[in-house]
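Q: Here is a model I would like to learn to read. Please take me through it feature by feature.

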Amino acid sequence: MEKKKVIYWVGLTACVLIIISGFLRHYASFVSSTLNDEVASQLSEVFGQVNDRFNELATKNWNYLYDSSLVLKLSKDEALIDPYIEQLEEQWKFNDFLFINDNGNYIDAEGHTGYLNLGKAFLKLTQENENIVVDGTLAGSEPVLLFAIPTGESQYKGFTYSALAISYDKKVLTEELRDYSFQGTSRSYLIYPDGRILLSMHENAPANTNIFSKLKSVAFRDGDFEDIREDIKNAGQRMHPYTADGERHYLYYQPVGFQDWMLVSVVPENSVGQFAEKILQQTMLLASVCAGLLMLLITGGLLYSSRMRIRRKNQELQYQERLFGILANNTSNAFVLMKPDTFEVEYVSPNIEGLIGIDSEAVKNDICVLKCDDYSQNSPIGGPDIEKLSPGEVRVLQTRRTHRKNREPRWFEESIYCIGIEDTERYILVISDRTRERENQQRLKEALNIAKAANQAKSTFLSNMSHDIRTPMNAMIGFLTLLRKDAGDSEKVLAYTDKIMVSSQHLLALINDVLDMSKIESGKTTLNQDDFELADMVKEISMIIHSQATAKHQKFHIYIQDIRYEHLIGDKLKINQILMNILSNAVKYTPAGGEITFTVQQLPQKAPNITNLRFVIQDNGIGISEEYQKIIFEPFTREDRLTSKMAQGTGLGMAIAKNLVELMGGTITLESELKKGSRFTIDLGLRVAEKDVDHDFWVKHGLFYTLVVDDDQDICCNIVKCVNDSGLHMDYALGGREAIEKVRKAVQADRVFDLILLDWKMPEMDGLETARKIRAMVPKDTPILILTAYDYAPIEEEAYRAGIDGFMTKPFFLSKFKYTIEQLQEESSKTEVPGTSPTCLEGRHFLVAEDYELNAEILVDTLDMYGVHCDVCVNGKEAVERFTASGEGDYDLILMDIQMPVMNGYEATENIRKSGHPRAGSIPIVSMSANAFSEDIQRAYEAGMNAYLTKPIDVALMEKTLTEILGEKQGEKKDEI
């Protein structure tokens with residue numbers, strides 16, 4: 001048995017030795033073959049690049065010559081050729097620019113002549129029309145290299161040439177073609193087939209020598225010198241190793257491609273050092289194979305005996321790792337197990353990449369990749385700190401990391417445990433993701449800050465409101481005290497009353513703002529979509545703002561641009577509220593003498609039946625700071641500047657305006673600069689109301705040719721465009737003199753204007769003077785109207801004497817223009833419609849439903865001034881019973897409060913309309929309520945009311961509303977009669 005083991009090991013060792021020796025022989029052969037092949041390949045590639053550079057140089061110079069040839073042929077002024085050649089010489093850095101004829105004679109740019117003996121190369125140039133590169137010698141110069149091209153016959157300074165050439169000093173070409181390969185140890189030459197060196201490509205190169213004289217004495221390892229010289233003469237391409245002066249070199253040669261020149265290069269063998277690495281790799285491979293075979297012999301038996309035991313152990317470890325991996329992947333904790341001395345990583349849970357973006361293999365290779373730059377609490381733990389940990393001890397850090405892949409910031413709690421089992425210790429690093437908890441804490445913190453800010457804003461708001469409300473209240477109480485004191489002085493009583501009225505209006509505006517904002521914030525604001533006339537809305541705004549601006553000595557202008565649709569559908573009250581809010585602020589924050597403009601423009605229509613309106617409000621007032629512009633549309637904010645503190649308000653106006661604009665689907669933007677003014681732009685999309693258009697209006701009223709006169713060309717153009725689009729031809733004049741001239745020419749042409757519209761205030765000649773002169777030229781029945789933005793009452797009588805037939809207020813609207821024309825053509829003797837004057841209230845009998853005794857007393861006394869008798873009920877139920885028990889003509893109108901006990905105003909109105917009383921459906925019912933929201937008004941109309949008045953009651957508005965309602969009812973009765 002022992003003998004068999006010896007035979008076994010001897011045989012095995014012999015086999016190993018045979019294998020190793022065979023491998024070494026193969027290795028030696030491989031090294032020799034690989035080295036020669038790689039050197040030849042690398043030399044071919046490196047010096048092929050040198051050869052390519054020479055070819056590129058030749059091609060570049062030929063291209064330059066061809067470009068120059070074309071320029072020389074096209075040049076008609078020979079005097080420009082010399083400067084051109086001088087410029088080329090400076091750019092290309094050549095020696096001479098030569099013009100060559102068919103005999104080899106040449107002339108250069110300076111007029112020097114000579115003869116070139118170019119041999120066979122000259123025949124290729126002149127007879128075969130080929131580009132050439134050739135060496136030569138010019139008169140009085142060193143040997144040069146010439147690049148030449150055929151050009152065909154042409155003239156230069158009386159010299160007939162057929163070719164162009166440029167010459168370079170060989171030293172210049174040496175610099176350009178210098179070979180820096182192999183760390184500059186190589187030597188490259190351009191030679192003739194007989195070995196003479198034409199051009200050397202390195203410094204300190206021998207000139208006019210023969211390279212064969214140097215190679216003749218060297219020992220070639222794979223060939224004979226004569227064979228190599230013959231191969232060079234025959235334009236071969238090869239690499240030969242040789243030894244000279246005890247050093248090994250490689251000789252490499254290949255043809256250039258020009259003439260019969262050859263490129264010859266010599267490289268020291270030790271410069272080709274990169275192959276040593278490959279040899280070393282092969283050596284390491286050989287050693288590894290040998291070591292592997294020996295290890296295989298030594299450990300074969302051990303591996304076989306323990307194979308099953310290791311396999312079972314590996315299975316157990318795999319089950320444990322899989323279980324631990326499943327647990328790790330389903331938790332927000334990552335685990336790293338390290339040795340205590342070297343901190344070598346033994347295990348990394350696979351979910352670490354998902355937590356921090358670092359691959360588990362990278363952590364295994366170097367634990368330092370887990371270094372964190374941001375420790376929220378405590379300080380980073382180094383090796384000495386960890387080594388101080390005793391078994392069972394733990395160190396906890398709070399860290400902030402940036403995920404290495406998605407660059408997201410995350411927060412972690414990182415704990416380092418020291419665990420000891422018997423004599424073995426290990427460190428466990430547990431990285432727990434606390435990002436979600438941190439974000440939740442941050443959200444709670446932000447919510448707390450927002451709540452604090454909101455509370456602070458509302459506290460500030462309440463403080464401001466306390467001041468702003470108390471200010472008018474103080475004035476009202478003070479003036480009431482003075483009223484009691486000076487009750488006998490009628491002038492003071494009237495003055496006090498006016499001031500109380502102003503304070504009460506201011507107080508009411510504050511309350512309305514607060515209620516509007518409360519409604520908006522609760523999401524209960526609704527839009528009351530109804531038909532309205534754009535012209536009426538602009539007129540109402542103009543009347544209010546114009547009076548405010550006039551009181552502050554400001555200029556207020558309204559411009560109308562490209563308005564095609566005037567009858568629209570929308571919430572007129574809310575649009576009015578938006579515009580009035582911004583315009584009032586413009587008046588408020590613009591100093592005396594300032595200017596405010598209000599522009600209404602129709603933008604291009606994007607959808608059928610929808611018109612896009614743009615309202616632009618601009619002033620040259622105090623402006624708004626950049627900081628406040630960012631929060632101007634937030635509620636409860638006011639700019640904290642001395643200039644604005646003088647103006648009181650809730651800080652809700654802009655917030656209400658923005659919310660209402662967005663509720664309508666529009667946009668509002670602001671541009672402002674301190675001390676230069678502000679510009680608000682509101683864009684709204686409104687539906688166009690369907691309305692019958694009278695296409696024959698102008699024909700029926702006898703209008704075909706009209707004239708408008710205004711010194712503002714924009715106003716004229718807008719009016720002309722609006723009128724012409726409606727079917728009436730209108731011309732315009734920019735001043736009184738131009739208008740008179742146009743009227744004179746029209747009269748001479750027997751084409752008199754059917755109507756003339758004159759601006760009142762114009763330079764040089766105003767509207768009245770213009771009207772006098774035009775009236776003398778046109779028939780008496782030609783209407784002349786004054787168009788003005790001012791109160792025309794002071795000049796009304798003078799205007800009629802000057803021949804004016806009527807007045808129109810700016811801004812111009814087509815509907816107002818038509819209405820004015822209709823009014824002019826009505827009978828001048830028209831009698832006033834009964835019931836439309838304020839006196840139609842006198843002798844009326846009203847039923848009033850009001851539960852608040854003081855309000856009822858004020859209302860009864862106020863109506864008594866107009867001669868109205870009132871019966872008062874304290875709730876809705878009593879009002880219904882009083883009306884149903886009355887006779888058919890006992891009451892002319894019912895004034896109905898909304899919020900009342902027993903039965904509110906809505907229910908009472910519905911019960912009256914449903915009752916069997918003869919006037920249940922016809923008696924006017926007018927609401928009086930402190931509910932001022934649009935949905936309250938809509939609810940009132942649905943219940944059957946005819947009009948809606950808000951408290952506190954505006955006496956003038958109440959008089960106007962009641963007069964109109966009773967006038968209409970009286971008109972209906974007369975029509976029935």
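Q: Which strands form a hairpin, and how many residues lie between them?
A: Strands of a sheet pair through backbone hydrogen bonds, either parallel or antiparallel. In this predicted model, E22 and E23 form the hairpin, with 2 residues between them. Asparagine 609, in the turn, has a positive phi of about 70 degrees. Strands (E, at least two residues) and helices (H or I, at least four) are DSSP runs, numbered from the N terminus. Two strands pair if DSSP finds at least two bridges between them.

Q: Before going on, what should I know about the numbering and the cut-offs?
A: Residues are numbered from 1 along each chain as its sequence is written. This is a predicted model, so local features need pLDDT of at least 70 and side-chain atom pairs count only at pLDDT 80 or more, while totals for chains, interfaces and linings use all residues; side-chain values use heavy atoms, with hydrogens and water left out.

Q: In which sense do E22 and E23 pair, parallel or antiparallel?
A: Antiparallel, over 9 bridges. Isoleucine 596 stands opposite aspartate 619 in E23. E22 also pairs with E20: 7 bridges join them, and they run parallel. There, tyrosine 559 has threonine 599 in E22 as its bridge partner.

Q: How do I read a nonpolar core, and which residues have the most contacts inside the largest one?
A: In soluble globular proteins, nonpolar side chains tend to be buried together. A nonpolar core is a set of buried Ala, Val, Leu, Ile, Met, Phe, Trp, Tyr and Cys residues joined through side-chain atoms within 4.5 Å. Buried means under 20% relative accessible area, with a 1.4 Å probe and protein chains only; exposed means over 50%, and partly exposed lies in between. The largest core here has 46 residues, and Leu534, Leu579, Phe598, Phe615 and Phe680 have the most contacts inside it. Among the elements giving it two or more residues are helix H13 (534-551), strand E20 (555-561), strand E22 (595-607) and strand E23 (610-619). H14 gives the largest share, 8 residues.

Q: What does leucine 579 touch?
A: Contact means heavy atoms within 4.5 Å. Leaving out residues up to four places away in sequence, leucine 579 touches Met537, Ile541, Phe598, Phe615, Ile617 and Ile682. There is also a second, separate core of 34 residues, which includes Ala58, Leu65, Phe99 and Tyr156.

Q: How do I describe two packed helices, and at what angle do H14 and H17 cross?
A: Two packed helices are described by the angle between their axes and the distance between the axes. Axes are lines fitted to C-alpha atoms, for helices over the stretch in contact; angles run from 0 to 180 degrees between N-to-C directions. Helix H14 (residues 572-588) and helix H17 (residues 653-663) cross at roughly 145 degrees, and their axes come within 9 Å. In H14, the contact includes Lys574, Ile578 and Ile582; in H17, it includes Met654, Ile656 and Leu660.

Q: Which strands form the open sheet?
A: There are 5, in the order E27-E26-E28-E29-E30, and the pairing is parallel. The edge strands, E27 (729-733) and E30 (806-809), each pair on one side only. The twist averages 25 degrees from one strand to the next. Helix H19 (residues 713-725) packs on the sheet, touching E26, E27 and E29.

Q: How many residues and elements does the whole protein have?
A: The protein has 977 residues, of which 42% count as buried. It has 28 helices and 35 strands.
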